[in-house]
Protein chains: 2
Amino acid sequence: MKTKFNNLAYLGPEGTHSEQACIIYDASANRVPYPSIKDVANSLTRRETDECMVPIENSLGGSINETLDILIYQNNIKIKFELTIPINHYLITKSLVELTEIKHIYSHPQAIAQCKHFISRNLPNAKITASMSTAAAVKQMITSSEYAGAIGTKRSAILNNVVTIRENIQDNKSNSTRFVILSPDDHPFTGDDKTSICFELKNDRPGILYESLGEFASRNINLTKIESRPTGESLGRYMFLIDLIGHRDEEKVKSAINSLKRSSSMFKLFGSYPRFKITAN
Amino acid sequence: MKTKFNNLAYLGPEGTHSEQACIIYDASANRVPYPSIKDVANSLTRRETDECMVPIENSLGGSINETLDILIYQNNIKIKFELTIPINHYLITKSLVELTEIKHIYSHPQAIAQCKHFISRNLPNAKITASMSTAAAVKQMITSSEYAGAIGTKRSAILNNVVTIRENIQDNKSNSTRFVILSPDDHPFTGDDKTSICFELKNDRPGILYESLGEFASRNINLTKIESRPTGESLGRYMFLIDLIGHRDEEKVKSAINSLKRSSSMFKLFGSYPRFKITAN
């Protein structure tokens, strides 16, 4: 989809999955990397950028709370778009080498953990060195004096003019991350939308959450995600994060939200946006 | 609490928060470190160890899906105990030095991200090097030829005979992790218990989750956690993870679970265990 904006912030450096998500969203945007999710969001509130791409949920690691915190605690930031991309790890080397020649592996500890079986089966004697990111790993590998490999994205190999000698080396092949575009405004009604909300109920007597969900059930609104999250104020106080099918401009969604607000001590609409459809690779 | 077992598996290496949780749980147990959560659990199913300590939820990072996967997909593993400990990061050096003397910082990328403000305020010019764990960071710092610091646990400083020069340097002071003890059996009734369950509903028509939660609401059973999680089979199929107040041996819990099972295509009881109470520091 094309839009008129120019500056799209993302979690850098270049070559990460976040950058890949940006390219899928709008390849013509001016991509601006930032060192943390918080810095990405701050660039938006300071109007240095027009939109930003942040990860919100990973199929292995669960919700990304740094992003949820921004949606919960910062104002004038809405979800405008969502997309889910597969997380594939590649084994990257300077030139075409045999696996047995590789003496040293560089990557972010999380990527190393996700490729544990591949490493123990194929590179059992390689020395492992941690990197701050998979993109930094490729740069470390390039300056290594030994036969070395990095675990990273295909794009980071392309950016650095090096080669990928194995693909999808992660143990769990169904690893994927859901990204969202944050923007000062959410998305107009399209007819196939999702809405994300967050609320804290006035009291936590048994059944109160049940009654609240009744506002959606009685209106035939389907939920695609529900998550309770400690409020941080005290152990045992929870807020609820819900994704539902429908747009905030639809009557039944409006009416459910209005009813829910009456039993909530805190309510926040994160935004309505088109439901993501998987496209062919 | 003291028990008769001997071997307690945990996510190593020594000096991690997992080891600290083991010491709080039973300081006299024989602690056995393993390199991954999966290896920790495998040691239990292979009967090399009697119990294991694994993280299940972090207040910043959310659910730890590697642990949830074990509970969902492996048999004969139950939750027997829970405890929540604060995650405090320390700045560790070889000897007492001024912050301005530190030229190099070692730590796991996640710990570095969690101490971002402290580093930018106090060590803006220090070189940052990633480590595979906070415990490994302390060892790298010790062998460094420059004035260096590591970000890690207090225990890793003690184990390595080095000093902590700053404490609780993480940006978010309310960072805590909930750990659970996994064991072949769960815990007998104590009178103040929690029960963790997981289920997948037979169909996902609007309102079906609402009806299921009614089984708890109608019996006055309070929930302390609810989380939906993609099943991995297809986008849009969800399983639900619930923690409730009560023990599986209590009549009302038994009856709610039996009703829930009838509308579920999959149901798993993770176990009943004493509800964690915060003790004074």
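Student: How are residues, chains and ligands labelled?
Tutor: Residues count from 1 along each chain as its sequence is written, while chains are lettered from A and ligands numbered from 1 in the order in which they are written. The model is predicted, so local features need pLDDT of at least 70 and side-chain atom pairs pLDDT 80 or more, while totals for chains, interfaces and linings use all residues.

Student: Where does A:K80 lie?
Tutor: In strand β5 of chain A, residues 78-86. Strands (E, at least two residues) and helices (H or I, at least four) are DSSP runs, numbered from the N terminus. Chain A has 15 strands and 9 helices.

Student: What is A:K80 in contact with, leaving aside neighbours within four places in sequence?
Tutor: Contact means C-beta atoms, placed from the backbone, within 7 Å. The partners of A:K80 include A:E51, A:S183 and A:Y273. A:S183 is 103 residues away in sequence, yet 6.2 Å away in space, C-alpha to C-alpha.

Student: What makes α8(B) roughly parallel or antiparallel to α9(B)?
Tutor: Axes are lines fitted to C-alpha atoms, for helices over the stretch in contact, and angles between N-to-C directions run from 0 to 180 degrees. Under 35 degrees is roughly parallel, over 145 roughly antiparallel, 65 to 115 roughly perpendicular, and the rest oblique. Helix α8 (residues 208-217) and helix α9 (residues 251-262) of chain B cross at roughly 165 degrees, their axes coming within 9 Å. That angle makes α8(B) roughly antiparallel to α9(B).

Student: Which residues make the contact?
Tutor: B:S212, B:E215 and B:F216 of α8(B) meet B:A256, B:S259 and B:L260 of α9(B).

Student: How do the residues of this contact of α8(B) with α9(B) divide?
Tutor: Ala, Val, Leu, Ile, Met, Phe, Trp, Tyr, Cys and Pro are nonpolar; Asp, Glu, Lys and Arg are charged; the others, Gly among them, are polar. This contact has 3 nonpolar, 2 polar and 1 charged.

Student: How many residues does each chain give to the contact between chains A and B?
Tutor: Chain B gives 37 residues, and chain A gives 37 residues. On the side of chain B, β13(B) gives the most, with 7 residues.

Note on methods
Two residues are in contact if their C-beta atoms, placed from the backbone, lie within 7 Å.
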